[in-house]
Amino acid sequence: MRNIVILTGAGVSAESGIRTFRAADGLWEDHRVEDVATPEAFDRDPALVHRFYDARRARLAEVEPNAAHEALARLDAEWAGDLLIVTQNVDDLHERAGARRLLHMHGELNSGWCLACDSRRAWSGPMGEGAACGACGLAGRVRPDIVWFGEMPYAMDRIDSAIANADLFVSIGTSGAVYPAAGFVQTARYRGARTLEINLEPSQGSLFFHERRYGPASVEVPAWVEAVLAYSDQSSPMSS
Ligand SMILES: [Zn+2]
């Protein structure tokens, strides 16, 4: 086992106090996703959409990475083989814990995307309707750099090739309900990877996984990382 791909979702950030979209009732922080997380919503009422993401961005200053983020950052630092953390989360808790090999497939709260010049730049503080782009200088054309419903997730080519080469695919804290991420496990299995689900409860796709661990991410993820690093120590050429 050398190449690991880890998919993370809302369940990893939930214990840090971040509430995200719940498929069960279609609400995200009491807003219907149709009102805040679609390109049509932004066309219709940009002020509302900006207020929503400005509040989510401000919330980041009040939360901290939890033991699951920290364990994954440790695995990233210590794992000698290829590793890629693909997160569906738009918060910055993985990177604040120290993860480096990380990809935000659904965008980031701390990024702005200018529709005038197509540049994406780090963003802190409110964005608002009149925000000026740091690249082209135009005001009023910057939107949250978030992949909304109906839009294509980022870096799918890179994700596909990482999964195709993975020896182990791990899904952590995802509902298994949102595609294309929900289909990664089947691709990984088809390409010969072992697959592991870590979640609070069985996800919609739980039967696709070879192995399953159920419980809080802050408990299950550190335990799994400990086991993986211990196993790799035993099986390294140095000790055989
Ligand atoms: Zn611009």
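Author: The accessible surface of the protein comes to about 11,600 Å², and 51% of that surface belongs to carbon and sulfur atoms. Such areas come from the Shrake-Rupley method with a 1.4 Å probe, and for residues only the protein chains shown count as cover. This is a predicted model, in which local features need pLDDT of at least 70, side-chain atom pairs count only at pLDDT 80 or more, and totals for chains, interfaces and linings use all residues. Residues are numbered from 1 along each chain as its sequence is written, and side-chain values use heavy atoms, with hydrogens and water left out.

Reader: How do you know whether the radius of gyration agrees with that of a compact globule?

Author: The radius is taken over C-alpha atoms, and the globule rule is 2.2 Å times the number of residues to the power 0.38. For 240 residues the rule gives a value near 18 Å; the protein has 19 Å, so the two agree. Its C-alpha trace spans about 60 × 35 × 35 Å along the principal axes.

Reader: What makes Ser206 buried rather than exposed?

Author: Buried means under 20% relative accessible area, exposed over 50%, and partly exposed in between (1.4 Å probe, protein chains only). Ser206 has 9% relative accessibility, so Ser206 counts as buried. Buried residues make up 48% of the 240 residues. Ser206 lies in the loop between strand 10 (194-199) and strand 11 (211-214). Leaving aside neighbours within four places in sequence, Ser206 is in contact (heavy atoms within 4.5 Å) with Glu197, Arg212 and Tyr214.

Reader: And why is Ala155 put in the class it has?

Author: Ala155 has 33% relative accessibility, so Ala155 counts as partly exposed. Ala155 sits in the loop between strand 8 and helix 7 (156-164).

Reader: How are the helices and strands decided, and how many are there?

Author: They are DSSP runs numbered from the N terminus: helices are H or I with at least four residues, strands are E with at least two. The protein has nine helices and 11 strands.

Reader: What makes strand 6 and strand 8 a pair?

Author: Two strands pair if DSSP finds at least two bridges between them. Strand 6 (residues 107-114) and strand 8 have four bridges, in the antiparallel sense. One of the bridge partners in strand 8 is Ile146, facing Gly107. Strand 6 also pairs with strand 7 in the antiparallel sense, over three bridges, and the bridge partner of Ser111 in strand 7 is Ala122. Strand 6 and strand 7 form a hairpin with five residues between them, and Asp118 in the turn has a positive phi of about 65°.

Reader: Which strands are called edge strands, and why?

Author: The three strands form an open antiparallel sheet in the order 7-6-8. Strand 7 (120-122) and strand 8 (142-146) are the edge strands: each pairs on one side only. Strand 6 is mostly covered, with six of its eight residues buried.

Reader: What packs on this sheet?

Author: Helix 4 (residues 46-59) does, touching strand 6 and strand 8. The direction of helix 4 makes about 55° with that of strand 8; axes are lines fitted to C-alpha atoms, for helices over the stretch in contact, and angles run from 0 to 180 degrees between N-to-C directions. Among the buried residues of helix 4 are Leu48, Phe52 and Arg56.

Reader: How do you know what span to expect for helix 4?

Author: The expected span is 1.5 Å times one less than the number of residues. Helix 4 has 14 residues and reaches 20 Å from its first C-alpha to its last, close to the 20 Å expected.
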